[in-house]
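Here is a short briefing for a first look. Please keep the sequence and the 3D view open while reading.

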Amino acid sequence: GINAEYMGVLCLAPTPSAEISSLMLDSTGLMLLVAYRNSCNRLFDLRTARCLPQRFKGHRNDSRHFVRCCFGPKNTVIGASEDAGIYVWDESGDLITKLQGHKGPTYDVAWSWKQQLLASCGEDQSVRVWHPDPKLS
């Protein structure tokens with residue numbers, strides 16, 4: 001089993017109506033990436049319990065699906081989207097690229113640090129594996 005010590009509650013909702021659809025800790029355990037169903041992903045510094053100013057936007061994540069995001073290579077954030085795209089943002093929140101390939105909403109993305117690959121899945125019942133641009137790896 002997992003032995004854990006309760007550390008307290010973080011208030012992660014930027015507005016009362018912003019429902020959380022996923023969250024992920026970075027490899028250091030100091031940053032928390034949160035996906036909201038108001039089409040915005042945010043970073044929290046767990047050392048200070050503060051939301052950082054970056055907003056990872058452009059994708060669609062409304063109330064119909066649980067759309068997730070993850071950390072990627074070189075301080076990027078990768079997010080699924082209901083518009084069938086996969087969005088890759090740099091650490092400041094600027095969009096680097098939008099990957100296309102799914103035939104409907106994408107639900108989840110996962111980055112493999114060991115293999116340097118991105119996997120995504122969507123409503124089209126496909127799992128796609130992506131080889132990133134070498135500039136990102």
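Buried means under 20% relative accessible area, exposed means over 50%, and partly exposed lies in between, with a 1.4 Å probe and protein chains only. By that rule Val-88 is buried, with a relative accessible area of 4%. This is a predicted model: local features need pLDDT of at least 70, side-chain atom pairs count only at pLDDT 80 or more, and totals for chains, interfaces and linings use all residues. Residues are numbered from 1 along each chain as its sequence is written, and side-chain values use heavy atoms, leaving out hydrogens and water.

**Strands**

- Helices (H or I, at least four residues) and strands (E, at least two) are DSSP runs, numbered from the N terminus.
- Val-88 sits in strand β7, which covers residues 86–89.
- Val-88 and Ile-78 are 10 residues apart in sequence. In space, their C-alpha atoms are 4.6 Å apart.
- Two strands pair if DSSP finds at least two bridges between them.
- Strand β9 (residues 106–112) pairs with strand β10 (residues 117–122) in the antiparallel sense, over 6 bridges.
- Opposite Val-109 stands Ser-120 in β10.
- A hairpin is formed by β9 and β10, with 4 residues between them. In its turn, Gln-116 has a positive phi of about 55°.

**Aromatic rings**

- Rings of Phe, Tyr and Trp (its six-membered ring) pair if their centres lie within 6.5 Å. Planes under 30 degrees apart count as stacked, over 60 as edge-to-face, and the rest as tilted.
- The count by this rule is 3 aromatic pairs.
- Tyr-87 and Trp-89 are stacked, because their ring centres are 5.8 Å apart and their planes lie at 20°. Both Tyr-87 and Trp-89 are buried.
- Trp-111 and Trp-113 are edge-to-face, because their planes stand at 80°, with the ring centres 6.1 Å apart.
- Trp-111 counts as buried at 11% relative accessibility, whereas Trp-113 is partly exposed at 48%.
- Phe-56, Tyr-87 and Trp-89 are linked into a cluster by ring pairs.

**Cysteines**

- A disulfide is a pair of cysteine sulfur atoms within 2.5 Å.
- How many disulfides does the structure hold? The number is 0.
- For Cys-70, the closest cysteine sulfur is in Cys-69, at 7.3 Å, so the two are too far apart for a bond.
- Cys-70 is buried, with a relative accessible area of 2%. Cys-121 is partly exposed, with 27%.
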